[in-house]
Amino acid sequence: MRRCHACNFWILPGGIRDGDYQYCCDTCARDGPIFPLSTQLPKADVRLKALQIHGGRCPACEGRGPVELRLSYRVWSIVVFTHFSTRSQISCRRCGFKAQLRGLVYSTVLGWWSLPLGVLVTPVQIMRNLWAMVFVPDPQQPSAGLLRQASLQLARERLAQERLARERGRA
Ligand SMILES: [Zn+2]
Ligand SMILES: [Zn+2]
């Protein structure tokens with residue numbers, strides 16, 4: 001299945017196409033220019049940005065880092081419908097752990113209630129949360145996921161600056 005260029009979620013039939021890029025929804029398409037730009041930024045700039053995030057305070061609790069991209073996993077089901085998702089947040093280990101624990105409890109309670117997918121996916125999501133709780137990214141350096149998020153943040157900032165400059169130019 002095709003994946004959204006913005007959020008990496010699966011694109012349901014339809015989707016939105018913009019040049020070479022495909023998006024799952026309006027929000028992703030609106031943020032679209034961020035993604036091509038993020039891949040063109042100098043590697044050194046991206047790395048510096050990632051190191052700033054990594055060594056900075058946790059955006060969620062203001063606590064100490066290392067701040068990383070932390071993933072948690074959820075699933076809920078009803079009769080024949082199953083919805084599963086991956087949530088990402090940039091946070092310290094403690095906040096990441098809490099999100100993964102919430103995902104684990106959520107999935108354990110709400111995941112099972114469809115056949116066959118709920119019963120199949122729920123143990124997977126539970127294991128993924130457990131795995132993420134135990135095996136944390138290398139605390140010494142930003143992970144590939146954080147580097148990608150850093151490139152997106154940088155691209156978003158640059159686009160906002162450009163937009164501001166354009167508006168000032170017009171005024
Ligand atoms: Zn998307
Ligand atoms: Zn935190």
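Is Cys 7 buried, partly exposed or exposed? Cys 7 is partly exposed, at 39% relative accessibility (buried means under 20% relative accessible area, exposed over 50%, partly exposed in between, with a 1.4 Å probe and protein chains only). The views below come from a predicted model, in which local features need pLDDT of at least 70 and side-chain atom pairs count only at pLDDT 80 or more, while totals for chains, interfaces and linings use all residues. Residues are numbered from 1 along each chain as its sequence is written, chains are lettered from A and ligands numbered from 1 in the order in which they are written, and side-chain values use heavy atoms, with hydrogens and water left out.

**Figure 1. The whole protein, to get your bearings.** Here you can follow six helices and four strands (DSSP runs numbered from the N terminus, with H or I and at least four residues for helices, E and at least two for strands). Along the sequence they come in the pattern β-β-α-α-α-β-β-α-α-α. Taken along the principal axes, the C-alpha atoms fill a box of roughly 60 × 40 × 25 Å. Of the 171 residues, 35% count as buried. Among contacts with a separation of 6 or more, 59% come from residues 24 or more positions apart (contact means heavy atoms within 4.5 Å).

Figure 2. For orientation, the ideal angle for four tetrahedral donors is 109.5 degrees. Cys 24 is partly exposed, at 29% relative accessibility.

**Figure 3. The zinc ion (ligand 2) and its cysteines.** The SG atoms of Cys 58, Cys 61, Cys 92 and Cys 95 coordinate the zinc ion (ligand 2) at 2.2 to 2.4 Å. This site is tetrahedral too, with angles of 106 to 114 degrees among its four donor atoms. The spacing of these donors along the chain reads C-x2-C-x30-C-x2-C. Because Cys 58 lies in the loop between helix 3 (43-55) and strand 3 (68-78), and Cys 92 in the loop between strand 4 (81-91) and helix 4 (93-110), the pair ties together parts that are 34 residues apart in sequence. Cys 58 is buried at 0% relative accessible area, and Cys 92 is buried at 4%.

**Figure 4. Where helix 3 crosses helix 6.** The axes of helix 3 and helix 6 (residues 144-170) come within 8 Å and cross at roughly 105 degrees (axes are lines fitted to C-alpha atoms, for helices over the stretch in contact, and angles run from 0 to 180 degrees between N-to-C directions). The two helices are therefore roughly perpendicular to each other (the range for this is 65 to 115 degrees). On the helix 3 side look for residues including Val 46, Ala 50 and Ile 53, and on the helix 6 side for others including Leu 147, Ala 150 and Leu 154. The contact residues divide into seven nonpolar, three polar and five charged (Ala, Val, Leu, Ile, Met, Phe, Trp, Tyr, Cys and Pro count as nonpolar, Asp, Glu, Lys and Arg as charged, and the others, Gly among them, as polar).

**Figure 5. Gln 125 and its surroundings.** Gln 125 belongs to helix 5 (residues 117-134) and is buried, with a relative accessible area of 1%. Leaving aside neighbours within four places in sequence, Gln 125 is in contact with Tyr 73, Arg 74, Val 75, Phe 84, Ser 85 and Ser 107.

**Figure 6. Backbone details in the loops.** A cis peptide bond joins Gly 65 and Pro 66, with omega about 5 degrees, and Pro 66 lies in the loop between helix 3 and strand 3. Another cis peptide bond joins Leu 115 and Pro 116, with omega about -5 degrees. Val 79, in the loop between strand 3 and strand 4, has a positive phi of about 55 degrees although it is not a glycine.

How values were computed: Donors are N, O and S atoms within 2.8 Å of the metal (3.2 Å for Na, K and Ca); water is not among the atoms, so sites may look incomplete. Four donors count as tetrahedral if all angles lie between 85 and 135 degrees; four count as square planar and six as octahedral if opposite donors are over 155 degrees apart and all others between 65 and 115; anything else is irregular. Angles under 35 degrees count as roughly parallel, over 145 as roughly antiparallel, 65 to 115 as roughly perpendicular and the rest as oblique.
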